[in-house]
Amino acid sequence: MTVLQIGPYPPPHGGIQTNLVAIRQYLLARQIKCHVINVTRYRKADADHVYYPKSWLQVLLLLFRLRYDVIHLHIGGSVTPRLLGLSLVCCLMPGAKSVLTFHSGGYLHSKGGRTARRWSIRGLVFRRFDRIITVNKKMVEMFQRFGVAEERIRLINPYSFPDTPPDIDLPEPLKSFVRSHKPTLITVGGLEVEYDIPLQIEALEIIRERSPNAGLIIIGSGSLEAEMRSKIASKQSGEHVLLCGDVPHPLTLRAIAESDLFLRTTHYDGDSISIREAQHFGVPVIATDNGMRPDGVDLVPASDLRALCCAIEHRLTHGGRQESTDDGDANLQEVLELYKGLLSEFNGGAFR
């Protein structure tokens, strides 16, 4: 069997990238060939069967040049006309079974998700996939509204994490910041409006009245970086907020694991991988309630400073490290079994 995955390939390192890489490594470890076509603006030189086309025409040429049995498309966020066109092409490739993983749980609340209809163009395209993998039950219902048959939809957790945090030291100034602050709060996300980082900065001011050694680590970059730096500098607790920018994924995992509390405050969000990573390493999580947070997360209303501070105080007073409920590589095995089942059907019951 040979698998072709299409989607964003790191860097940068996000939820979709993590799942795509995990599937590829799982397949390669079992001597199953796996090609990857990166479809983001981040490009490197082609190497080790990972391809970085510079245009959609080059994507199409690769689709016809490479040899594969299963084509697995990963998408998240909005379904643009280009992505919809690519989806249709993937479904029409001769001699290959097509799989779609739709990673964005937040798409449900967008106009596209709310207008899911069987006879829409999206519905006509989605129904051509041999299998669709979703990340939560609500997404299953949405694809059913698109007219996708229930037997073609699979709910598979896309997340797979290392058993222990990466065995690496934090660089400065992260290392000194973690050592000098207790408790250490951390958030991972973009410096964009939807992540509501100012709410966390305001919360730290209040939290430090009772926990004077508390500090906040912010990992991520975005268009509001200058505004955030100005806001931090204006605060009495500004020196206790560390704005890190983008951090390599292994170091991000290490920083999360060494923190006491993970925060995820948002105006709009899907099924955040950083929340799953924090939970996996036993770090308590407080997050804005978006209707799809995993079990064990302390939920607060959006933009509610008082509720956020109360949740932080409660967790610091009564909480502590939590046990991971992650199921290891079971999700990756499910994906492999899905591939095998499709090829078994394709070959009349004989998996090759």
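Buried, in my notes, means under 20% relative accessible area, exposed means over 50%, and partly exposed lies in between, with a 1.4 Å probe and protein chains only. I number residues from 1 along each chain as its sequence is written, and side-chain values use heavy atoms, with hydrogens and water left out. The model is predicted, so I recall that local features need pLDDT of at least 70, that side-chain atom pairs count only at pLDDT 80 or more, and that totals for chains, interfaces and linings use all residues.

I take helices (H or I, at least four residues) and strands (E, at least two) as DSSP runs, numbered from the N terminus. The chain goes from β6 through helix α6 (residues 137-145) to β7 in a right-handed β-α-β crossover; right-handed here means that, with the strands pointing away from the viewer, the path from the first strand over the helix to the second runs clockwise.

**Entry 2, the six-stranded sheet.** I then traced an open sheet of 6 strands, with parallel pairing, in the order β10-β9-β8-β11-β12-β13. At its edges stand β10 (241-245) and β13 (298-300), each with a single partner strand, so one side of each is left without a neighbour in the sheet. Neighbouring strands of this sheet are turned by 20 degrees against each other on average, direction ignored. For angles I use axes that are lines fitted to C-alpha atoms, for helices over the stretch in contact, and the angles run from 0 to 180 degrees between N-to-C directions. Within the sheet, β11 (residues 261-264) and β12 (residues 285-288) run parallel and are joined by 3 bridges, with L263 opposite I286 in β12. Helix α8 lies across β8, β9 (215-219), β10 and β11, and runs at about 165 degrees to β9, where contact means heavy atoms within 4.5 Å.

Most residues other than glycine have a negative phi, and most peptide bonds are trans. I therefore listed the cases that depart from this. The bond from E172 to P173 is cis, with omega near 5 degrees, and P173 sits in the loop between β7 (153-155) and α7 (174-180). The bond from K182 to P183 is also cis, with omega near 5 degrees, and P183 is in the loop between α7 and β8 (184-188). D196, in the loop between β8 and α8 (197-210), has a positive phi of about 50 degrees but is buried, with a relative accessible area of 10%.

C310 is in none, and its nearest cysteine sulfur, that of C309, is 7.1 Å away. At 39% relative accessibility C310 counts as partly exposed, and C244 counts as partly exposed at 23%.

Key
Disulfide = S-S within 2.5 Å. Pairing = 2+ DSSP bridges.
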